[in-house]
Amino acid sequence: MLKKIGVILGGNSTEREISLKSGEAIYNSLIRNGYQVHKIDPKTDDIYQTICNNNIELIFIALHGQGGEDGTIQGMLEIMGIPYTGSGVLASALTMNKIYTQSILRDNNILVPEFITLRERDYNEGNIEQITMEISDKIGFPVLVKAPSQGSTLGIYFINKEDISYEEQLIEAFKEAFKLENHLLIEKMITPSDEITIGLLGNDTVFPLPTLEITTVTGYYDYTSKYTKGLCEHIIPARIDSKLRNKAKEIAVDSYKILNCKGFARADFMVKGEDIYLIDINTIPGFTEMSLLPDAAKAIGIDFDQLTEYIVDMAQGVEFPFAKYQDQIIE
């Protein structure tokens, strides 16, 4: 019987603060579930030695962002022969970078926002007027400038051409985003639209959790809105037509399978009219008290401790008990 679990949290990415919160919540949950649990922070701990010295049998990955969600830690654990939660090396690497995620999904007839990409060397060799014209011609404003491998809405900048200083804002967005990565995604902003998310559980059989609608005081689901109490609200089920909710679930499940995700993930959408745009697949979504996937699971009777237990089970090849919750699906 599995007894010792390591929770890898923190790390060195821009999402360290949120990862520490997620990891702490998971750590406490696993303790309540009866496991011996060790926290492992790559910023301060030797992962290999900690696993070996404590005879850890399974790793629960709570690392958000680069170094944890991008396939690197998964590759190390594969070499060590240690089972771990969530998706494998390839799925983690592909979904970490929004450019590759969007390209693969688009090629598989999944609707995603129109986008172009911009490399730092091309930006340095060009000028803002040329880049602005290309954006206008190919996708049109308003747009989102994204550092494609960041999460928790970090490295994302909203640019609206109706603003007088939009070119200055665009230059500042590129300047800040290029500090994080040298290849950016410039994506058409879907507006007006409803923002919804769908949590997914499973390995071979995929179970979609209820649709969850996100509303914010500011109108943007950015880092501040996401992690400040009172600035956002989760509405379950999303206040869109039931046919659209079911269509979004089908798209979420299809995308999960296309990208070969495992264990759990979260699909994020923008809904405009009858169109449902998939904007992101997150393979290690947040597990804080304000996080989306745990909130959606709770709506059908899966509390936080049961959720972490299911994720541990799926890491050992046990399928999610789809039939147990089939009748509790919120359409």
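This is a predicted model: local features need pLDDT of at least 70, side-chain atom pairs count only at pLDDT 80 or more; totals for chains, interfaces and linings use all residues.
1. Three strands make up an open sheet in the order β2-β1-β3, and their pairing is parallel. At its edges stand β2 (36-40) and β3, each of which pairs on one side only. From one strand to the next, the twist averages 25°. Strand β1 (residues 4-8) is joined to β2 by 5 bridges in the parallel sense. Within this pairing, V7 has K39 in β2 as its bridge partner.

2. Helix α12 against that sheet. Helix α12 lies across β1 and β3. Its direction runs at about 125° to β3.

3. Helix α12 against helix α1. Two packed helices are described by the angle between their axes and the distance between the axes. Helix α1 (residues 16-32) packs with helix α12 (residues 304-315) at an angle of about 90°, and their axes are 9 Å apart. The two helices are therefore roughly perpendicular, since angles of 65 to 115 degrees count as such. On the α1 side the contact involves A25, I26, S29, L30 and R32; on the α12 side it involves F304, D305, T308 and V312. By class, this contact has 5 nonpolar, 2 polar and 2 charged residues.

4. The second largest pocket. Helix α12 also contributes to a pocket: the largest share of the lining of the second largest pocket, 3 residues, comes from α12. The space in this pocket amounts to about 180 Å³. Its lining consists of 17 residues, and those that lie nearest its centre are Y84, G86, K262, M314 and A315. The lining divides by class into 6 nonpolar, 7 polar and 4 charged residues.

5. The antiparallel sheet. Strands of a sheet pair through backbone hydrogen bonds, either parallel or antiparallel. A second open sheet to note has 4 strands in the order β4-β7-β5-β6, with antiparallel pairing. Because β4 (115-119) and β6 (156-159) stand at the edges with a single partner strand each, one side of each is left without a neighbour in the sheet. Neighbouring strands here are turned by 20° against each other on average, direction ignored. Inside the sheet, strand β5 (residues 143-146) pairs with strand β7 (residues 183-188) in the antiparallel sense over 4 bridges. Across from K146 stands L185 in β7.

6. Helix α8 lies across β4, β5, β6 and β7, and runs at about 170° to β6.

7. Packing of α7 with α8. These helices also meet each other: α7 (residues 128-138) and α8 (residues 166-177) pack at an angle of about 100°, with axes 11 Å apart. They are therefore roughly perpendicular to each other. Helix α7 brings I128, E129, I131, T132 and I135 to the contact, while α8 brings Y166, E167, L170, I171 and F174. By class, the residues of this contact are 7 nonpolar, 1 polar and 2 charged.

8. Pairings of β8, β10 and β11. Strand β8 pairs with strand β10 (residues 212-216) in the antiparallel sense over 3 bridges. In this pairing, I214 of β10 is the bridge partner of E195. Strand β10 is in turn joined by 4 bridges to strand β11 (residues 232-235), and the two run antiparallel. Here T216 has C232 in β11 as its bridge partner.

9. Backbone geometry to inspect. Most residues other than glycine have a negative phi, and most peptide bonds are trans. Where do the cis peptide bonds described here occur? One joins F141 and P142, with omega about 0°; P142 is found in the loop between α7 and β5. Another runs from T191 to P192, with omega near -10°; P192 lies in the loop between β7 and β8 (194-202). As for phi, N55 has a positive value of about 50° although it is not a glycine. N55 is placed in the loop between α2 (47-53) and β3 (58-61).

Technical notes: Residues are numbered from 1 along each chain as its sequence is written. Side-chain values use heavy atoms; hydrogens and water are left out. Axes are lines fitted to C-alpha atoms, for helices over the stretch in contact, and angles run from 0 to 180 degrees between N-to-C directions. Angles under 35 degrees count as roughly parallel, over 145 as roughly antiparallel, 65 to 115 as roughly perpendicular and the rest as oblique. Contact means heavy atoms within 4.5 Å. Ala, Val, Leu, Ile, Met, Phe, Trp, Tyr, Cys and Pro count as nonpolar, Asp, Glu, Lys and Arg as charged, and the others, Gly among them, as polar. On a 1 Å grid over the protein atoms alone, a cavity is a set of points where a 1.4 Å probe fits but cannot get out, and a pocket is an open set with protein on both sides within 12 Å along at least five of seven lines; lining residues have an atom within 4 Å of a point. Grid points are joined across faces, edges and corners, and a volume is the space filled by probe spheres set on the points. Two strands pair if DSSP finds at least two bridges between them.
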